[in-house]
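These are my notebook entries on a structure that I looked up piece by piece. Each entry takes up one topic.

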Amino acid sequence: MKLSKVLSLLLVIVMVFTIACAEAQSPAHVEELIIGTCSSMEPCSMMAEGGVFGHMNYTGFCAGTFLTRDENLQIQPYIMTDWEVSEDSKEMLCTFATDKGILWHDGVPLSMDDIEFTLNFCKDNDDVNYLQSVTGYEVVSDTQIRFFFETPRAYWTLCIMAIWQRVFPKHIWENIEDPENYTGDDRLIGCGPYKLTNIDMDASTFTYEAAAETFIDREITVDKVIVRSYGSQDALVMALCNAEVDAMFDYSAPIESSML
């Protein structure tokens with residue numbers, strides 16, 4: 001066999017091997033994921049941090065949070081895509097994904113107006129305000145805001161922004177006089193990767209569907225997520241054993257060791 005043919009054959013083998021490895025490392029696609037929880041089926045809105053919706057929501061599931069964390073708890077971009085901290089840690093220039101074509105779940109585009117509204121809205125509502133260290137801000141452009149701190153708190157604030165500080169849609173909340181008790185249908189609108197599409201109180205389930213194929217350049221690999229609430233950990237663990245749910249999630253409430 002000629003050297004050229006040998007090299008061609010080796011090239012084909014390398015290409016096939018590379019493709020196989022890439023496919024093996026790519027995330028699996030899931031049509032439906034069922035999560036069991038003991039969280040309550042209480043009334044919910046984008047303001048909520050308790051119950052089934054609240055626990056899923058303020059970790060960036062339906063709501064778009066400023067930042068997020070990876071599996072190693074390292075801060076990663078989310079609605080905020082970049083940040084530059086001054087040497088004294090008293091200023092921080094932040095870039096937001098307001099030019100990436102992100103839509104609120106009702107089809108309205110995300111804009112810098114929403115980011116600025118969120119800063120003022122959260123300042124007036126202590127229950128959802130995680131930016132207490134921010135003493136002022138300046139809108140630099142359609143994508144950038146400069147934050148100011150009285151003391152060196154920029155990095156501390158970045159940690160707080162990761163997961164908890166979510167974005168609120170101005171066009172929904174700007175005229176609501178009592179946000180905590182608002183019950184309009186649009187109270188559930190976020191700009192995260194999943195949209196809440198159905199609440200079945202009789203079946204104790206919340207159904208979420210992917211709002212897009214990708215979210216800020218990340219592939220969404222689960223089409224639908226059903227969160228089912230159980231009255232006790234015994235019932236939840238039994239549901240897992242019987243394959244009624246694929247996984248369990250209770251925020252800050254691990255199961256008792258005797259159930260392991």
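**Entry 1. A salt bridge**

Which side chains meet in a salt bridge at 3.2 Å, N to O? I worked from a predicted model, and there I found the side chains of E49 and R166 in this contact. My search of the whole structure for salt bridges returned one. I then asked where the two partners lie along the chain.

E49 has a relative accessibility of 23% and is partly exposed. R166 has 1% and is buried, because buried means under 20% relative accessible area.

**Entry 2. Aromatic pairs**

How many aromatic pairs does a search of the whole structure find? I noted 10 aromatic pairs. A pair of aromatic rings is described by the distance of the centres and the angle of the planes, so I recorded both values for two of the pairs.

F121 and F168 form a tilted pair, with 4.9 Å from centre to centre and 50° between the planes. This pair links distant parts of the chain: F121 is in helix 3, F168 is in the loop between helix 4 and helix 5, and they are 47 residues apart. Both residues are buried: the relative accessible area is 7% for F121 and 0% for F168.

Y130 and W164 form a stacked pair, because their planes stand at 25° and planes under 30 degrees apart count as stacked. The centres of these two rings are 6.1 Å apart. This pair, too, links distant parts of the chain. I placed Y130 in the loop between helix 3 and strand 6 and W164 in the loop between helix 4 and helix 5, 34 residues apart. Y130 is buried at 18% relative accessibility, whereas W164 is partly exposed at 29%.

I next looked for ring pairs that join into a cluster. Such pairs link F117, F121, F168, W173 and Y182.

**Entry 3. A negative patch**

Which residues form a negative surface patch? I listed D124, D126, D127, E177, D178 and E180. I took D127 as an example and located it in the loop between helix 3 (112-123) and strand 6 (134-139). D127 is partly exposed, with a relative accessible area of 47%.

**Entry 4. Positive phi**

Most residues other than glycine have a negative phi, and most peptide bonds are trans.

L73 has a positive phi of about 70° although it is not a glycine. I found L73 in the loop between strand 2 (67-69) and strand 3 (75-77). Is L73 buried or exposed? L73 is exposed, with a relative accessible area of 59%.

D217 is another residue other than glycine with a positive phi, near 70°. D217 sits in the loop between strand 10 and strand 11 (218-219). I recorded D217 as exposed, with a relative accessible area of 77%.

**Entry 5. Distances between C-alpha atoms**

H105 lies in the loop between strand 5 and helix 3. The C-alpha atoms of H105 and K195 are separated by 6.6 Å, although the two residues are 90 residues apart along the chain. H105 is buried, at 10% relative accessibility.

A97 is also in the loop between strand 5 (91-96) and helix 3. From A97 to I79 I noted 18 residues in sequence and 5.4 Å in space, C-alpha to C-alpha. A97 is buried, at 1% relative accessibility.

E213 belongs to the loop between strand 9 (205-210) and strand 10 (214-215). E213 and D223 are 10 residues apart in sequence, and their C-alpha atoms are 8.6 Å apart in space. Why does E213 count as exposed? Its relative accessibility is 69%, and exposed means over 50%.

Notes
Residues are numbered from 1 along each chain as its sequence is written. This is a predicted model: local features need pLDDT of at least 70, side-chain atom pairs count only at pLDDT 80 or more; totals for chains, interfaces and linings use all residues. Side-chain values use heavy atoms; hydrogens and water are left out. Patches are made of residues with over 30% relative accessible area and no salt bridge: like charges are joined within 9 Å, nonpolar side chains (Val, Leu, Ile, Met, Phe, Trp, Tyr) within 5 Å. Accessible areas come from the Shrake-Rupley method with a 1.4 Å probe; for residues, only the protein chains shown count as cover. A salt bridge is a side-chain nitrogen of Lys or Arg within 4 Å of a carboxyl oxygen of Asp or Glu. Lys and Arg count as positive and Asp and Glu as negative; His and the chain ends are not counted. The place of a charge is taken as NZ of Lys, CZ of Arg, CG of Asp or CD of Glu. Helices (H or I, at least four residues) and strands (E, at least two) are DSSP runs, numbered from the N terminus. Buried means under 20% relative accessible area, exposed over 50%, partly exposed in between (1.4 Å probe, protein chains only). Rings of Phe, Tyr and Trp (its six-membered ring) pair if their centres lie within 6.5 Å; planes under 30 degrees apart count as stacked, over 60 as edge-to-face and the rest as tilted.
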